[in-house]
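User: Hey, I'm new to this one. Can you walk me through it?
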Amino acid sequence: MNQPRNAAARSIGIIVLLVVLTILVAILSMNVGKMNLSPMEVFKVIIGEGTRKQNLIVFDFRLPRIVLGILVGIGMAISGCIMQSLLKNDMASPGTLGISSGSGLFVLLYVTVFASEGLFSPIVLPGLALAGGIVAAILIFLFAYRRGKEISPTGLILTGVAMGSGYSALSLMITLKLDEKQYDFALRWQAGSLWGDDWSYIMVLLPWVLIISFYVFYKSHTLNALNLGNQTASGLGVAIKKEFIGLTIAAVALASGSVALGGNFFFVGMVSPHLARKLVGPNHKLLLPTTALVGTLVILIADTLTRTISFGADIPTGIIITILVTPYFLYLLSKAS
């Protein structure tokens, strides 16, 4: 009896530590950048005693970017966790299944075709990304489906990789026809850039991510049952098809909203659940919040580095994330082989 309690207490302690680390990194991110602010100056801004310049730096430039990074980290990480749990495959993620590429194609079409005519709306953008993600998911399931047989997780991932390559090729064709300004945006978005750091976008993404994340956490017991296998889950009274569809839509929605305003943070959705499982184990009541915090930390740390270290160019956050997590990804592959 004491052992499970000790394990739960340890996991809760890890979650609290991750929360503290996230707050510390967020505070550090507000302090540093091309225009440094001391912790006392940031504190004065927060309590309403900052100068006009300090208020501008914190509230218009840094804070919205930090909040966006947190939301994108939560969205991509939880989406990856859901997909890995449903498919029982550690390689599953919004990137490997082609969901991010499908959302990205729709976003790119909207930004480059409709936005150029003044039809740009922060409300339409995540919805359109969701439509692209759902279309991608439906096509992937249709191509992977074999009548009378269960859908193979490996088949789904291979189909997703193939579809993702097709979406990327279409996106490239569109990108090559853009003018210089649109091309620069598309290139940075595809590399993973927190471009939607405006409060109008964040106010749309915030309820989107929080409501869906709470729904997924509410379904954590269902994810635990599905993780035991379909037969066991069915014996426990889980409506497998209904729950699978509902959780898949939630995963697609989280990834699509994140992709719409943050670009393709492919590795966050894949690596965050791995790290979280090593920290707290497979229980989704602990795994989901831990995964969200790990994803948030990865993005915040990478974004802080891009804003404080001179790389000789304005490097998108997604490239730094790829550099940071590639060694761990290679480690996972070596352990799996």
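User: Which residues of α5 are buried?
Analyst: Keep in mind that this is a predicted model. In α5, the buried residues are Leu-125, Pro-126, Ala-129, Gly-132, Gly-133, Ala-136, Ala-137, Ile-140 and Ala-144. They sit on the same side of α5, because they cover an arc of only 135° around the axis.

User: OK, and what should the 21 residues of helix α5 span?
Analyst: Helix α5 runs over residues 124–144, and at 1.5 Å a residue it should span 30 Å. Its end C-alpha atoms are 30 Å apart, so that agrees.

User: Now the core. Which residues touch the most other members of the largest nonpolar core?
Analyst: That core has 89 residues, and the ones touching the most other members are Ile-78, Ile-82, Leu-125, Val-216, Leu-261, Phe-265 and Ile-321. Helix α3 (residues 52–87) gives the most to this core, with 14 residues.

User: What is Leu-261 in contact with, leaving aside neighbours within four places in sequence?
Analyst: Its contacts include Leu-68, Leu-125, Trp-195 and Tyr-201.

User: Switching topic: is Asp-303 buried or exposed?
Analyst: Buried, because its relative accessibility is 3% and the cut-off is under 20%. Asp-303 is in helix α13 (residues 284–308). Not counting residues up to four places away in sequence, Asp-303 touches Arg-65, Leu-194 and Thr-317.

User: Last one: at what angle do helix α9 and helix α11 pack?
Analyst: About 120°, with their axes 11 Å apart. The crossing of α9 and α11 is left-handed.

User: And which residues meet there, between α9 and α11?
Analyst: Thr-222, Leu-223 and Leu-226 from α9 meet Ile-240, Glu-243 and Leu-247 from α11.

Definitions and conventions:
Residues are numbered from 1 along each chain as its sequence is written. This is a predicted model: local features need pLDDT of at least 70, side-chain atom pairs count only at pLDDT 80 or more; totals for chains, interfaces and linings use all residues. Side-chain values use heavy atoms; hydrogens and water are left out. Helices (H or I, at least four residues) and strands (E, at least two) are DSSP runs, numbered from the N terminus. The expected span of a helix is 1.5 Å times one less than its number of residues. Buried means under 20% relative accessible area, exposed over 50%, partly exposed in between (1.4 Å probe, protein chains only). The arc is that of the directions from the helix axis to the C-beta atoms. A nonpolar core is a set of buried Ala, Val, Leu, Ile, Met, Phe, Trp, Tyr and Cys residues joined through side-chain atoms within 4.5 Å. Contact means heavy atoms within 4.5 Å. Axes are lines fitted to C-alpha atoms, for helices over the stretch in contact, and angles run from 0 to 180 degrees between N-to-C directions. A crossing is left-handed if the near helix is turned anticlockwise from the far one by less than a right angle, and right-handed if clockwise.
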